[in-house]
Amino acid sequence: MKATAKEQMEQSESSHDEEDEGPTRAKRGKPEVVQNGLLRPVTLSRGDLYKPPTADELNQLKEAESLFHCSLLKMQMEELLKEVSLSERRKQLIDSFVQSVTEQLQTVPQTSDMELSDLSWLSGGVKVPFVLVPKAAKGKFHMAPPISVTIIGSYPLGTCTKPGISVDLAVAIPADVLHPKDALNQRYPRKRAIYLAGLAQHLAASPAIGAMRYSCLHGNRLRPILLLSPPGKDSSSFTLRLHACPPPGFFKPSRFHPQRNNIRTDWYTGLGSSQPATSEPPTPHYNSSVLGDMLPSAHLQFLTAVSSQCAAFAEGVALLKVWLRQRELDQGVGCFSGFLGSMLLAYLLSCHRVSNTMTAYQLLRNSLHFLAFNDLTENGITLAKGPDSTAPSLAEFHTAFQVVFVDPSGHLNMCADMTACTYKQVQHEASLSLQFWDDPTVDGFHALLMTPKPMIRTSDHVFQLCELVKLQCCCKKLNLLSELMDHSGNYVLTALPFILSLLQRGLGQRVRLLTHSLTPDPEWPVESDAPKHNTQPPLSFGLLLNPEQAASVLERGPPADSPKAEEFRQLWGSRSELRRFQDGDITEAVVWEGETTCQKRLVPRQLITHLLQLHADIPESCVRYIGGMLDDVIKVGREVCSTGEEESLKVVQSYDDLSRKLWTLEGLPLSITSVQGAHPALRYTQVFPPVPLKLDYSFFDREKLSRSLVPHEVKPCPVYITPIQVICHMEGSGKWPHDRVAIRHIKAAFHISLGELLTQHHHYTCQPSPTHLDVWKDGLVFRIQVAYHREPQVLRESVSPEGLLIVRDNAEAQALEMATMQRPLLTSTLHGLQQLHPCFGAVCRLAKRWLGAQLFSDDITEDTADLLVASLFLQPAPFTPPGSPQVGFLRFLHLLSSFDWRNNPLVVNLNSQLTAADYTEIKNDFIASRESLPVMFMATPNDKKVSIWTKQAPTVQMLQRVVMVAAESLKILEPQLMDTSQIQDVRVVMRPPLDPYDVLIHLSPKQVPLLSQAVDPPHATFSRGILAGRVANTGGALPVIDFNPVTHYLAELRDAFGDLALFFYDPYGGTVIAVLWKPKAFTPLPFKTSQMVARRVEVSGEEAHTVPNVEAILEDFRVMGQGLVKSVEPRTERWVV
């Protein structure tokens, strides 16, 4: 399912579907009153209102209590079933169209016998829906009316669901058209396809038929079908699928045993060297295709009998179909179709694994439990109670097919086209669903049935085979002639199982799951030839990585003298070499390239391209790997590719060293109780982590007194030096004063004392100030801030004129508490999360780079963004935690755009401290106080009721903007990553739309110190006063710290014009400040001399009003930013009133 269920239903169900639905009735009492087409509440008498519940109602209450977390889940399931079921009007349309088509089919004209290869009788441009290779085919053919037309499939069973309604019609080919030996050499499939073409030619003249197209049943080219749409406005409401079938009992099922051959080698190759039938290779897939045409009516009878005994059967199948649809498992070649879902439920009922009295909810749960814990690739199952003696055994099925599920006849494997990887994916999804099903902290219904899971958002890495015609060479290299015959020349499906097996061997423990896309069912006009196999979309593969081993550059093999060494060498070819390890072992090994974390994450790419080239003749140019395409926007350094992990590690190591030295300092009046980092770089989430700098002293001027380095007036703005905040808590003592000013003086003295001791003992360059101490160490600046744990409390206290002590919370105390307590705690917690999930920091960097590029950094702060990303790792349902930056970023965009911020709190369960009771308490408090809470409410274990991180921002309007831009970015990015035909430029989602803004202030790139971090950095670069080479650990003059002219200019603009406009800027190298006038900025105000700043007077009649003087304001923009502002671009049509 795409988007939400409501949108799906609106698309698939026309607005007048419920015209003939009568008004609903109350459980008891009078029917609802309808006035002017609107339903009104029922008025019940006191006796009706307090009547004891009936037995049926008591049963429903008991069921809701015992089966569901709450009655809400039960109601959600019921509403979903109502939405996906067909309305009465839709059923009437279907019945009417089926009857019309049936009548048309009975009038098919009879033709005389002709050669099977003679298609001259087909007129009107109608083509045969079959790839006629080889062309030679024996036999005669003539058209005749079908002997019967019957409805089969999900519609008569009552399991047909929206969206994408398909109704199946079995058209029985007359026996005299076929020959008993037509099972050989594709004669039957060809006659079947030609018969469908004859039906299409006949129906083309009928005005009762709308559009006609060909397709294939689950992508099987041997089983083409004819798609019919009703004419007029109902053309998109459903599709009728015509299946041509042999008459009942025409072929013997035993002829299609999986170990028998029905495609002769000499016919297929055209070489004419006939060999005995006994030495011919078996054709199990071809055999199962023909068998599938013989049994649909029998399957319908079987399912009808089973469903009649279980009242909730149809609803259980509907829920299972929704579950499969959301995971993209129900359509395409080798899919787990709705038919298989129905058969699975029938199997569970027939084996008494589920009861006939179970509800749809219970049937779905038990089905998923069976799928999760039963491996049909090893132990197949059968619905055959007493198969005849000619039916194959399960062992014989297993030798021919990867997945085995035998139908009631005992002859057909219904999973014949399914690969083991697809079934493993079904197993994995079922197991994952069961994990969060009973978790009261997860919205089980939404995760289970309402969240779509496309491959690009589910798999950590994805790669595609683009030029599918190359798979012909692969089949030749792997010597797959017999398999190619079995698949009737479909080299894509022939090579796929071998490629999957090869990759599974090579990837080994690096991946938890290997999946592949299911080739979609082709559709084409009846006037066109059947599409060739290489016209289908690229074959996509998904990797769910094992984070502990996926990035390893070493593939260690068996010892040199082991029997398995030869097998290892054969697998890896020239890449395998003997190596001696530190433990003394000499083994075979493969070493892949990769220095940085960014490069190591793409080791699977090297491995896959090497294996495909070596064993399958698929060149690297045909492999499109989608795993690190987004890394470019957060890369740092030019010599070695890195996405910041190594730089962050250096910062953390330098901080750890400073922390140890602070702990061991002697000579302080009070001892240090804790040293805590409070900067994003110390939790690996700084977009561009600080890098050690070696300064070019000649670039700077010297300050006369302190000899510090200061920027030169005529030179470009020097490099920006990030101060890394460190909070240093001092022990409590009775000597601490109880006055806020005195506490600040004491802290200032501590800063001076700390600086002197660090200079004396470790020779660091230090610069104390009243609020902090800057320490220049390892080419980095650490800003140490001394904290006293009772200071926020002191700030809250005041004495009234009467001498009473008043304790009142205030913004100053909250800001200090956040800076000295909350942020250090968050930093240490997220640092721990990074150790558990190595790609957490990279996802945060990508998310914050996007927020900055789209000018949202002031609305979604760094701490808020980090918590949003943390929630993806802590509550990933229905996914697994992200295993790559790319998939994490896509899920971040999806979370922003799809979460119901209005009605739900986002709970970030850091360190798993919150219990189910805490979740309930948070939800209840949120609902009770919703109007007074922030628009984006985020709860953490230490902040359940206030949402301190989002208290100030974003506003309602800005959150709406963020949600909209995130949705659009996701809509652009996901198709671009998966579609080779689109322009490959992922930076497009990082470029903000500037149309909505009223004024653009263009900055001089020369004075933007972070210009190199821009999304599209300019080719021309400026010297910023740094040198290459090794950085000294200690000493050196101190530069100007935290100097960014743009930041100071923005602060001045907001201070001067914040009541008139909003200012937006990309903090990572942006060269444009976007200005948006506030909605009420141009409302005329009464004239007051005290309110004439940036305003002008307008006189109308006897009244004088003031309005903003836009020309003067724009001039002020220029004057205030002299030297920094290059130009001011007004968009006049947006601000003239």
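In the predicted model, three strands form an open sheet in the order β36-β38-β37, and their pairing is antiparallel. Between β37 and β38 (residues 1103–1108), the antiparallel pairing extends over 6 bridges, and Ser 1100 has Glu 1103 of β38 as its bridge partner.

A helix packing was also examined, and such an arrangement is described by the angle between the two axes and the distance between them. Helix α13 (residues 360–373) packs against helix α15 (residues 420–437) at an angle of about 125 degrees, the axes lying 8 Å apart, and α13 is therefore oblique to α15. The crossing of these two helices, α13 and α15, is left-handed. On the α13 side, the contact is made by Tyr 361, Leu 364, Arg 365, Leu 368, His 369, Leu 371, Ala 372 and Phe 373, while α15 contributes Tyr 423, Val 426, Gln 427, Ala 430, Ser 431, Ser 433, Leu 434 and Trp 437. Classified by residue type, the contact of α13 with α15 comprises 11 nonpolar, 4 polar and 1 charged residues.

When neighbours within four places in sequence are left aside, Ser 459 is in contact with Thr 515, Gly 542, Leu 543 and Val 887.

Terms used: Residues are numbered from 1 along each chain as its sequence is written. This is a predicted model: local features need pLDDT of at least 70, side-chain atom pairs count only at pLDDT 80 or more; totals for chains, interfaces and linings use all residues. Side-chain values use heavy atoms; hydrogens and water are left out. Contact means heavy atoms within 4.5 Å. Axes are lines fitted to C-alpha atoms, for helices over the stretch in contact, and angles run from 0 to 180 degrees between N-to-C directions. Helices (H or I, at least four residues) and strands (E, at least two) are DSSP runs, numbered from the N terminus. Angles under 35 degrees count as roughly parallel, over 145 as roughly antiparallel, 65 to 115 as roughly perpendicular and the rest as oblique. A crossing is left-handed if the near helix is turned anticlockwise from the far one by less than a right angle, and right-handed if clockwise. Ala, Val, Leu, Ile, Met, Phe, Trp, Tyr, Cys and Pro count as nonpolar, Asp, Glu, Lys and Arg as charged, and the others, Gly among them, as polar. Two strands pair if DSSP finds at least two bridges between them.
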